[in-house]
Amino acid sequence: MPRIYFIIVTYNAMKWAERCFSSLRKSSTPLQVIVVDNGSTDGTQEFIKSNFPEVELIQSPENLGFGKANNLGIELAYKNGAEFFYLMNQDAWIFEDTVQKLINFYENYHNKVEIGILSPIHLDGSEKKLEIFVEKYLGTNAFKDRIFTDLLLNQNRKYFELDFINAAHWFLPKDTVEKVGGFNPYFFHYGEDNEYVNRLRYKEKKTFLIKDCFAVHDGKQELGKVDYSRYTDTSIDTNILDPNHHFTPEEFAKSLKKAILKNALTGNFQQAKNQRTALKRIQSNSNELKKLKKILSTSPHPFLNL
């Protein structure tokens with residue numbers, strides 16, 4: 001059997017810990033588990049030590065953010081000989097056959113080098129409905145990939161090729177980690193998976209949602225769930241860093257200045273305020289963004305010490 005490592009970043013995860021880690025024990029496919037805890041204060045670390053001693057626990061004294069913490073787990077799994085890396089959210093769990101179905105798909109796929117991310121279909125916490133974001137991603141790709149034709153006419157398709165799927169359940173072959181690297185530490189929380197998929201595409205790899213394979217993500221079922229009063233909207237930063245395009249911070253700053261003026265003149269003052277905030281960030285981080293973009297296009301495995 002291949003060496004499969006689950007990597008889970010936790011932060012005050014007690015609400016889901018029992019369900020999450022018990023599901024891994026029940027997997028029909030043997031697996032190893034690495035948890036990187038971002039300084040939980042609700043007893044998560046102690047609960048894992050006492051109830052799941054098989055888990056290799058990395059305890060961070062501070063909150064590193066989602067991407068940096070995942071990178072620590074990926075590096076350790078790689079050094080331990082991992083052949084596959086399963087990145088899973090703390091508010092998620094798998095079924096007994098989830099991993100085996102992903103392995104079966106990988107082994108039977110005709111061109112393994114183009115596999116970047118494999119994902120099971122995400123169900124919500126009820127296990128009776130699709131996660132709302134999966135419905136969004138399927139809808140976004142529907143016309144390009146004729147997804148609704150397959151779903152409504154019940155055609156015998158084994159997977160859907162998507163432009164993006166959130167990182168609640170990412171199954172990465174070793175080749176993806178070696179060629180695409182880890183998460184960009186520029187992103188603390190939210191946006192890091194979008195930026196990663198841009199790099200995946202740059203390396204000519206694809207994202208597949210496996211049709212007969214399921215797992216659960218018990219996240220908030222609202223498309224606009226990100227509270228941008230607490231987290232930075234980094235969509236512009238992501239576009240600047242996209243190695244598939246030659247955008248520069250200066251080009252985006254110029255566009256933002258025009259948009260700010262237009263919104264101010266038409267009375268869209270909140271939008272103009274948000275754009276001014278983005279402009280200041282882009283101008284302040286211009287050199288860092290340029291440096292990071294160079295790393296993304298030249299490093300053999302960005303942000304990982306392999």
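**A pair of packed helices**

Mentor: Helix α10 (residues 249-265) and helix α11 (residues 269-284) pack at an angle of about 160°, with their axes 9 Å apart; axes are lines fitted to C-alpha atoms, for helices over the stretch in contact, and angles run from 0 to 180 degrees between N-to-C directions. That angle makes α10 roughly antiparallel to α11 (under 35 degrees counts as roughly parallel, over 145 as roughly antiparallel, 65 to 115 as roughly perpendicular and the rest as oblique). Helices here are DSSP runs of H or I with at least four residues, strands are E runs of at least two, and both are numbered from the N terminus.

The model is predicted, local features need pLDDT of at least 70, side-chain atom pairs count only at pLDDT 80 or more, and totals for chains, interfaces and linings use all residues. Residues are numbered from 1 along each chain as its sequence is written, and side-chain values use heavy atoms, with hydrogens and water left out.

The crossing of α10 and α11 is left-handed, meaning that the near helix is turned anticlockwise from the far one by less than a right angle, whereas clockwise would be right-handed. In contact, that is, with heavy atoms within 4.5 Å, α10 contributes residues including Leu256, Ile260 and Asn263, and α11 contributes residues including Phe269, Leu279 and Ile282. The residues of this contact divide into 11 nonpolar, 4 polar and 2 charged, where Ala, Val, Leu, Ile, Met, Phe, Trp, Tyr, Cys and Pro count as nonpolar, Asp, Glu, Lys and Arg as charged, and the others, Gly among them, as polar.

Elsewhere, Phe208 is buried at 0% relative accessibility, and Tyr159 is partly exposed at 26% (buried is under 20% relative accessible area, exposed over 50%, partly exposed in between, with a 1.4 Å probe and protein chains only).
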